[in-house]
Amino acid sequence: MELRHLRYFVAVATEGSLTRAAERLHLTQPSLSRQIRQLERDIGAPLLERGATGTTLTPAGAALHSHAVLLLRLADATRETAHAAAGRSREVVGIGIPPGLSAEWLLDTLAALDAAVPHAAVALTEASSTEQLRMVREGRLDLGLVHEQPAGSLRGARLFDQPFGVAVRPGHPLADGPACRLRDLDGVRILAHGRQQVPVAHDRLVVAAHDAGVVPLWQFAQFSEHARACAEATKSDAVLLTEHSATRLLPGWPWRPVVDPALELVTWLVWPPSTRTVVDEVARTISDR
């Protein structure tokens, strides 16, 4: 006995006619009659009395009818509950974010994901580029926002570039003027992120200064929130970072972009070559922004 047989039986009992029930169910009358006969064979008793004016329930049919209606209501409720639960279920997608990422950009991105991929529950982890790349390769993060182009089998999408500059200690000569040339940094005590945090940007910076014959007095340190304390501890005259980070971490220190040549911090989205569908959907949404 199947639920569809009970649905057919209840429809016939409600309509009092095989013909009307067949029309309601979008079946032919011979097909509906076969389904009812199959149900009667399963039950082992006749369920309907067929007459010239329609159909009526036999005693066995009347007994089955009340149970059939209850079973069908339970079946419908079960299906609706399952559909509602499926609609509420969300897959967790772990995303790494680097220190200093624009809060405005991140909040806008989360809003876009909520609209485009509502079945994704985003879990954020703040970590350096090196840490994120390792976590993505180890499967501990689904996606990473890093400051270096992904290598090996990882997939990647270039999101945006931010110019590097220096936040200059108030009163220092470099604070004057709209920009700072790379050669102006010669002999200046400058705080910069250590290689462990942003290795590619670190190497590009050192090479650019070397090629230009510039010898800044580099003070490399690991920092994210305490740029001012690190600058004071190292007696640095300037701190190399993006304008967004400078505004947040070093208020009152004028920020000047580095030019001739310009230095940029590139942000990439990275994720494994083979992953869940929801991760690909999140990656596509972020990449398209």
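Let's start with what is hidden: of the 289 residues in the protein chain, 44% are buried. Keep in mind as you look around that this is a predicted model.

Now step back to the whole chain. The protein chain is built with 10 helices and 12 strands. Its radius of gyration is 35 Å, while the globule rule gives 19 Å for 289 residues; the value is well over that, so the chain is more spread out than a compact globule. You can follow this along the principal axes, where the C-alpha trace spans about 110 × 35 × 30 Å.

Next, visit one of the helices. Helix H4 covers residues 59-88, and Leu 70 lies in it. Together with Leu 71 and Leu 74, Leu 70 makes a nonpolar surface patch of about 280 Å².

Let's turn to the aromatic rings. Two numbers describe such a pair: how far apart the ring centres are and the angle between the planes. The structure has 2 aromatic pairs. In the pair of Trp 218 and Phe 220, the ring centres are 5.7 Å apart and the planes meet at 25°; stacked pairs have planes under 30 degrees apart, so this pair is stacked. Phe 220 has a relative accessibility of 39%, so it counts as partly exposed.

Finally, what about the cysteines? A search of the whole structure for disulfides finds 0. Is Cys 180 buried or exposed? Cys 180 is buried, with a relative accessible area of 1%. Cys 230 has a relative accessibility of 17%, and buried means under 20%, so Cys 230 counts as buried too.

Notes: Residues are numbered from 1 along each chain as its sequence is written. This is a predicted model: local features need pLDDT of at least 70, side-chain atom pairs count only at pLDDT 80 or more; totals for chains, interfaces and linings use all residues. Side-chain values use heavy atoms; hydrogens and water are left out. Patches are made of residues with over 30% relative accessible area and no salt bridge: like charges are joined within 9 Å, nonpolar side chains (Val, Leu, Ile, Met, Phe, Trp, Tyr) within 5 Å. Accessible areas come from the Shrake-Rupley method with a 1.4 Å probe; for residues, only the protein chains shown count as cover. A salt bridge is a side-chain nitrogen of Lys or Arg within 4 Å of a carboxyl oxygen of Asp or Glu. Helices (H or I, at least four residues) and strands (E, at least two) are DSSP runs, numbered from the N terminus. Rings of Phe, Tyr and Trp (its six-membered ring) pair if their centres lie within 6.5 Å; planes under 30 degrees apart count as stacked, over 60 as edge-to-face and the rest as tilted. Buried means under 20% relative accessible area, exposed over 50%, partly exposed in between (1.4 Å probe, protein chains only). A disulfide is a pair of cysteine sulfur atoms within 2.5 Å. The radius of gyration is taken over C-alpha atoms; the globule rule is 2.2 Å times the number of residues to the power 0.38.
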